[in-house]
Amino acid sequence: MTATTTTTPASPGAPASKNAESALPTHAKVPSRIEGPRPTSGVPFGRLVHVELRKMLDTRAGRWLLIGIAAIIAIALTIMFFNEGGRHAFGEYLQATTMPMALILPVVGILAVTSEWSQRTGLVTFGLEPRRMRIAWAKLLSALVVGVGAFALALVLAALAHQAAITFRGIDGSWSIDGLVLVGAGGYVLLGIAQGVGFGMLFKNTPAAVVTYFVLPTAWSILGSMVSWLRDAAVWLDLNQTMQPLFEGSLTGQQWAHLGTSVAVWVVAPLAVGIWRLTRAEVK
């Protein structure tokens, strides 16, 4: 026996049921065109650099790192001002201001990259600018701008501290400093922050990048100084050892080769591999 179901059409005047589907519109309405000129180019590169600078400095983590650097520099300069009657050359004051920056500023560069994954801002960043290579170069350039500004500030603070020692402690000023030493101090800061950006791109994870940045070069320096068969390699690959002649103000041709090799291994290689990973990583 077969049951037959019939549907009775609703009369025009009958009230519509709550479960009844609404009738489709007879004519679809096309949205009106947005007035104004259409963009013919992508996001300007200068704007990308400006945004990355704000990400580095205008965040809670970046702000506290800068406060920590300022506190360490203030303590170091205060100790030097009262130690030995403040009788220190300008170069020694400069070393006291640049060392904290060279050690801690790379963490700011790491956070500028890893925050895209840890705080899930990558969806916005790479959605507004899909060309990831431009984002990578903007991050690197903004980090170098921060490094240049930090080194300029280190020069000013060192000069103020030395002049204060001359004025209030009555010491004889010693302002002479070799140009190569200035290059070494500035290069130490810039190479450090560029290396931090490279490790951030390479690992895309804040704890892994920070730990590797501090532990791996330090472990290599210790092994290179303790293990005899690694000493020859450490002469070429230990960045701390190859940078030392810069601070002494003299570099031979072979020492320049040592420095270039160590920079290629510890700075250029992480940046190259990190940029390659950044352009191919899945953003979630």
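The model is predicted: local features need pLDDT of at least 70, side-chain atom pairs count only at pLDDT 80 or more, and totals for chains, interfaces and linings use all residues. Residues are numbered from 1 along each chain as its sequence is written, and side-chain values use heavy atoms, with hydrogens and water left out.

The protein has 10 helices and 0 strands. Helices (H or I, at least four residues) and strands (E, at least two) are DSSP runs, numbered from the N terminus. Of the 284 residues, 37% count as buried. Buried means under 20% relative accessible area, exposed means over 50%, and partly exposed lies in between (1.4 Å probe, protein chains only).

**Overall order**

- From the N terminus on, the elements run α-α-α-α-α-α-α-α-α-α.

- Helix H5 spans residues 132–169 and has 38 residues.
- From its first C-alpha to its last, H5 reaches 54 Å, close to the 56 Å expected at 1.5 Å a residue. The expected span is 1.5 Å times one less than the number of residues in the helix.
- Gly170 follows H5, and its phi is positive, near 70°.
- Helix H10 covers residues 253–280, with 28 residues.
- H10 reaches 39 Å from its first C-alpha to its last, close to the 40 Å expected at 1.5 Å a residue.
- At Ala264, H10 bends by about 40°. The bend at a residue is the angle between axes fitted to the seven residues ending there and the seven starting there.
- Buried residues in H10 include His258, Leu259, Trp266, Pro270, Gly274 and Leu278.

**How helices pack**

- Helix H6 (residues 179–203) packs with H10 at an angle of about 30°, and their axes are 7 Å apart. Axes are lines fitted to C-alpha atoms, for helices over the stretch in contact, and angles run from 0 to 180 degrees between N-to-C directions.
- That angle makes H6 roughly parallel to H10. Angles under 35 degrees count as roughly parallel, over 145 as roughly antiparallel, 65 to 115 as roughly perpendicular and the rest as oblique.
- H6 passes H10 in a left-handed crossing. A crossing is left-handed if the near helix is turned anticlockwise from the far one by less than a right angle, and right-handed if clockwise.
- Helix H3 (residues 90–118) and helix H7 (residues 206–226) pack at an angle of about 155°, with their axes 9 Å apart.
- H3 and H7 are therefore roughly antiparallel to each other.
- H3 passes H7 in a right-handed crossing.

**Salt bridges**

- Side chains of opposite charge can pair when their charged atoms come close.
- The count comes to 8 salt bridges. A salt bridge is a side-chain nitrogen of Lys or Arg within 4 Å of a carboxyl oxygen of Asp or Glu.
- Asp58 and Arg63 form one of them, at 3.2 Å from N to O.
- Asp58 is partly exposed, at 44% relative accessibility. Arg63 is partly exposed too, at 38%.
- Glu129 meets Arg131 in a salt bridge of 3.0 Å, N to O.
- Arg131 is partly exposed, with a relative accessible area of 43%. Glu129 is buried, at 2% relative accessibility.
- Glu129 also meets Arg134 in a salt bridge, here at 2.8 Å, N to O.
- Elsewhere, salt bridges that share partners join Glu52, Lys55, Glu116 and Lys139 into one network.

**A glycine in H6**

- Gly187 lies in helix H6.
- Gly187 counts as buried, with a relative accessible area of 19%.
- The C-alpha atoms of Gly187 and Val148 are separated by 9.5 Å. These two residues are 39 residues apart along the chain.

**Positive phi outside glycine**

- Glu84 has a phi near 55°, a positive value in a residue other than glycine.
- Glu84 sits in the loop between helix H2 (60–82) and H3. Glu84 is exposed, with a relative accessible area of 54%.
- Lys204 has a positive phi of about 55°, although it is not a glycine.
- Lys204 is in the loop between H6 and H7. Lys204 counts as buried, at 14% relative accessibility.
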